Structure formats: C-alpha cells, structure tokens
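User: I have just opened this model and want a plain walk through it. Start wherever you like.

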Amino acid sequence: MADDGSAATTGGPLAGLLVADFSRVLAGPYATMLLADLGAEVVKVESPQGDETRTWTPPTRDEISTYYLGINRGKRSIALDLRDPDDVAVAKELARRADVLIENLRPGGMAKYGLDYASVAADNPALVYASISGFGSTGGAHVPGYDLMVQAVSGLMSLTGPKDGPPYRAGISMFDVMAGKDALIGILAALRHRDATGRGQHVELSLLASAMSGMVNQSSAYVAGGVVPHRMGNAHPSVVPYEPLPTADNDIVIAAANDGLYRKVCQVLGVPELADDPRFVRNADRTEHREELRPLLIEALATKGADEWFELLVDAGVPCGPINSVAGGFAIAERFGLDPVVTVGEGERAVPTTRNPIRFSDTPATYELPPPELDEHGDELRRWLASPEGRQ
C-alpha cells in the first residue's frame, strides 16, 4: 500500500501483487516474507492477540522476539477479530482484492468465516489460495500440526542423533521452512497458470508431505529399496568419507562424494596409498569398509588443525569445512562476499535481518518495511478496504 492506503508499485519481480496473509507462526509467514522481499504487497492479518511468535522469547531485540523479527519483514499488519462480523467483512474485502491468499488454520477453519477457497473464489476467481496444514485436509485434518510433531512422525528423528543414542530433533523447524518454500513454489506456479488462463486455483501444502519429499534419499531408500534407514550419527549411509572427522584441534567435515574426490583427499593428507587400496578404491568398497578406513584418515588428519586442513583441501578442490557456530557461519558468508545481513527500516525501527537467498540481475529483492507492530497499519488498511477506489 502507498501512504494513502492504495496499492503501491515497488521494485522486485512480484511488484503489483497483493498478498493477504492469514497465516501465523512459521511456514506461512516465512513464505509471505519471501513474497514481500520479491516486491509483493503483503498484508499480515493477525488476531487481536497477535501472532504467537511475538511472544516466543528469548532472545529479543529491543524487547521484541527475534523469532518474530526473522520472518515478518516487508509486511503491513492489521488486527481482525474473525468472531466480529464487521471484521469478517473487512477480511472478505481484502480477500476479494488479493492476488494471493495464504492461510494455515486447521483444515476447515476458514470456512467458519466464509473465507474458505470456494467462498472467496466465488467473488475472486483469479485468486491463488494457498492452504498449509500439518497433515493434510483428509485423514489428518483433525490433527494439530507443529514442526516437532512432524519431525517425529515422519521418521526424521529416527535418522538424527548418535548411532546408539536417542533420536534428536533438527536444530531448526526444518519442515516448516520446507513447507514455506514449497508453498512459494506452488504459488508462483499457480500465478504462471493464471497469467495464461486468467484463473486462480487452490494450492494445498502439508508439513508431512513436505517431509516425505524433503527426506529425499532416505525416503527413496524405503520407497524404492525397501530399506528402513536408521541413525548413523554424522555418517552418510551411501557415501564415504562424508562426515566430520577429528583433526589436531577441531573436527572438519569432509564430503568426498565420488572416487576422484576421495583420491584428492588421500593426496592432500599424504596417504596416497589409501587411494589404491582395494578395500577403498570405489565408493561401494569404502562404504563396506568404512570402519577400517575411518581410523586411517583420522591418523593422517591428526598432524594439522581444522583450519589448515580446510585451506589445503579446498585448494585441491575437495568439499570440506570446519564446524562453525552460527556466528562463524555468518563470518564465513561475509568472507565469501555473500553479504548475509541487510538492514530493514530506518532510525529506531531499523532491524538487521538475514538477506533473501535469491539474487536477481534486474529485479533485486527489496527490504523496505521493518516487521510491523501489531495492527500498525490497521487504520489505513481499513480506510482503503472501505473505499470504492481500487475495487476490482
């Protein structure tokens, strides 16, 4: 929206699109933030209590949840109580004007307010309507969905952690993030179809479906090979060496994903004979004899520290790296010229945030609006939605 509340045109490949964001927590807000980065106008619809992530602390920045700050830049906030008929009318008008609507209420939840796809599409047939749930809209519709649950029931936790220890969750809500990116892909594909036909459609995502797809080789091991994968610590089931290995000081990850890379590892480590050892020549040999190979590599790595090996192995073209903290990850991204941090907003509202990962040669991502305060733009949005100007 422009200052007068009308739809604004900003830079970015999605400039001119209006997104009605009825989602909360992570998957939906992450998808809509990426849409905003690419130029779309995003209206974040919140309950009067606000998105839960506003209260997910610590950590905070200026007493605001960094969780909330990390996934809500580029949006305008309006607080609507969908139990109030007047607020429902405002929500319906926003949906009528929108190009895209995203929601992640439990399946069927939007129908209570006449905001389900069938109802909204009757007034706005060009709308791309994306629904994100935990377990789909059929047999799992009654099951509430959070990422940790999906990590558990999908099998991911059975693959994560020490070989002989308990199952672990991933360090981030990875299936929320996957579902958010899948939603973005689905929305963009549906917009392409709309460009060709003039018709919108309903795009459905679930965290569990994203998990089944996102576990890639482990899913395929079961589906195509009949093998139930299991925890192997940091080792890879199909590639050796492809794991952290100790050096003179810290561990280093070595990812020798083919025989040529393995030969380079042996040359750099000063053990060229291991490249021609019949037990280790082919990757299939190395996976069979991994317990024999690993101590030999560790013995060679013990002569230098992780940082020195990193430089030597990278110079030889071997994928590898030290195990950094998050701070170290940002430092190496800076070192490699990725400029991972950008500032959104100005003055007291300026917030450092992580750069959108996509770079465009002609229509770069934009970072104009800081994460909004609850109902920060409610008055101007209500005025715009009440006015006939701009109606389709």
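Salt bridges and pockets

Analyst: Arg 73 and Asp 37 meet through their side chains in a salt bridge, 2.6 Å from N to O (a side-chain nitrogen of Lys or Arg within 4 Å of a carboxyl oxygen of Asp or Glu). This pair links distant parts of the chain, 36 residues apart, with Arg 73 in the loop between H2 and E5 and Asp 37 in helix H1. Helices (H or I, at least four residues) and strands (E, at least two) are DSSP runs, numbered from the N terminus.

User: Before we go on, what are the ground rules?

Analyst: This is a predicted model, so local features need pLDDT of at least 70 and side-chain atom pairs pLDDT 80 or more, while totals for chains, interfaces and linings use all residues. Residues are numbered from 1 along each chain as its sequence is written, and side-chain values use heavy atoms, with hydrogens and water left out.

User: Back to Arg 73 and Asp 37: buried or exposed?

Analyst: Both are buried, where buried means under 20% relative accessible area, exposed over 50% and partly exposed in between, with a 1.4 Å probe and protein chains only.

User: How many salt bridges are there?

Analyst: The count is 19. One of them joins Asp 21 to Lys 75, with the closest N and O atoms 3.7 Å apart. Asp 21 is in strand E1 (residues 18-22) and Lys 75 in strand E5 (residues 75-79), so this pair ties together parts that are 54 residues apart in sequence. Asp 21 is buried, at 0% relative accessibility, and Lys 75 is also buried, at 0%.

User: What does Glu 93 pair with?

Analyst: Its side chain meets that of Arg 96 in a salt bridge of 3.0 Å, N to O. Arg 96 and Glu 93 are buried. Shared partners join Glu 93, Arg 96 and Arg 97 into one network of salt bridges.

User: New topic. How much space is in the largest pocket?

Analyst: About 1,200 Å³. Of its 39 lining residues, the closest to the centre are Thr 66, Gly 70, Ile 71, Ile 172 and Thr 354. A pocket here is an open set of points on a 1 Å grid over the protein atoms alone, where a 1.4 Å probe fits, with protein on both sides within 12 Å along at least five of seven lines; lining residues have an atom within 4 Å of a point. Grid points are joined across faces, edges and corners, and the volume is the space filled by probe spheres set on them.

User: Which element gives the most to that lining?

Analyst: E13, with four residues.

User: And the second largest pocket, how much space is there?

Analyst: About 860 Å³. It is lined by 38 residues, and Arg 24, Glu 52, Asn 104, Leu 105 and Arg 106 are the closest to its centre. Strands E2 (41-46) and E7 (128-133) are the elements that give two or more residues to this lining.

User: Now the backbone. Which peptide bond at Pro 59 is cis?

Analyst: The bond from Pro 58 to Pro 59, with omega near 0°. The bond from Thr 57 to Pro 58 is cis too, with omega near -10°. Pro 58 is in the loop between E2 and strand E3 (60-61), and Pro 59 is in the loop between E2 and E3.

User: What is phi of Val 216?

Analyst: Near 30°, which is positive in a residue other than glycine. Val 216 is in helix H9 (residues 216-223) and is exposed, with a relative accessible area of 54%.
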